[in-house]
Every structure is written in structure tokens, then in C-alpha cells.
Amino acid sequence: CRLDIKELKMAMNQVVDAYKQNEINYVEGINSAHGRVGILFDTATGAIEKLIKKHPKTDFISFGKAVNSINILMDSLNMEAGGELAENLLGLYDYCKRELRNYLEQKNVEKLREIHEILSSLAESWKSIEPKT
């Protein structure tokens, strides 16, 4: 079965169009600070869900994604402008990161569920905020 040049070009165009659409879907939200923070929450909670699912084995890729996302969330806080709220968030993020690291030794899946609940609650609150334009 041979494709002629016209069919081959049509097939290639379909692949390119599918790739472009996938690329658009992938980066949705990345064009704003608000969207990027939302992506970080999604990444962290999704990674923790995978850790819970694989328990008692450790999915180190998911573990790394969760820790890195939390680190970026911590680094993104404006401590001067954020005041007490930023300090409280920093404390929560630090707690989550410490408990994630403790998970490697203790394998306490309940702590993973607690971290997931904390980050999911923060994510819901974040998503309810109207982004600045």
C-alpha cells in the first residue's frame, strides 16, 4: 500500500495540526503568574496522588515533581508584600516538604494524604481568586 505525495502531505498536515493543538492545551495557563501557580499546584497534587497509588513503593519521579513544585511555590512567595499570609503559606509549604521527605523513611501513607489535602485546599482557594490582568 503506497501513499501518493498528496496523501502524504495531508497526513503530515494532520499530524502537525494535532501537535499544535496538543501544544496549545499543554501550555494553557502558563502565560500568567496566576496560571503558573495553578500548574504548580496541579503538578504537586498529581504527583502526590501517584505516590499514594504506588505506596508502599516509592515513585521517585513523582516524589521529585512534588518536592520541586513545592520548592517553586515557596520561592514564588513575596514575603514583603505578603506579610503574615506569605509567612503562613511558607510554613505550610515547608511542613509539606518535610513530611514528603519523611515519607521516604517512614512510608506513612496517611501523611501523603494529609499533604495532598493541604495542597488541594490551597489550590482550590488559589483557583477561586480572580487573576489580575
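Colleague: What makes Phe41, Ile70, Leu73, Met74, Leu77, Leu119 and Leu122 contacts of Tyr93?

Modeller: Each is in contact with Tyr93, leaving aside its neighbours within four places in sequence. Contact means heavy atoms within 4.5 Å. This is a predicted model: local features need pLDDT of at least 70, side-chain atom pairs count only at pLDDT 80 or more, and totals for chains, interfaces and linings use all residues. Residues are numbered from 1 along each chain as its sequence is written, and side-chain values use heavy atoms, with hydrogens and water left out.

Colleague: Why is His34 called buried?

Modeller: Buried means under 20% relative accessible area, exposed over 50%, partly exposed in between (1.4 Å probe, protein chains only). His34 has 18%, so His34 is buried. His34 is found in helix H2; helices are DSSP runs (H or I, at least four residues), numbered from the N terminus.

Colleague: How do you know that the span of helix H3 agrees with its 16 residues?

Modeller: The expected span is 1.5 Å times one less than the number of residues. For residues 60–75 that should be 22 Å, and the end C-alpha atoms are 22 Å apart, so the two agree.

Colleague: What makes the buried residues of H3 line one face?

Modeller: Seen down the axis, they fall within an arc of 160 degrees, so they line one face of the helix. The arc is that of the directions from the helix axis to the C-beta atoms. Among these buried residues are Phe63, Ile70 and Met74. They pack against helices H2, H4 and H5. The face turned away from the buried side carries the exposed Phe60, Ile61 and Asp75.

Technical notes. Helix = DSSP H or I, 4+ residues; strand = E, 2+ residues; numbered from the N terminus.
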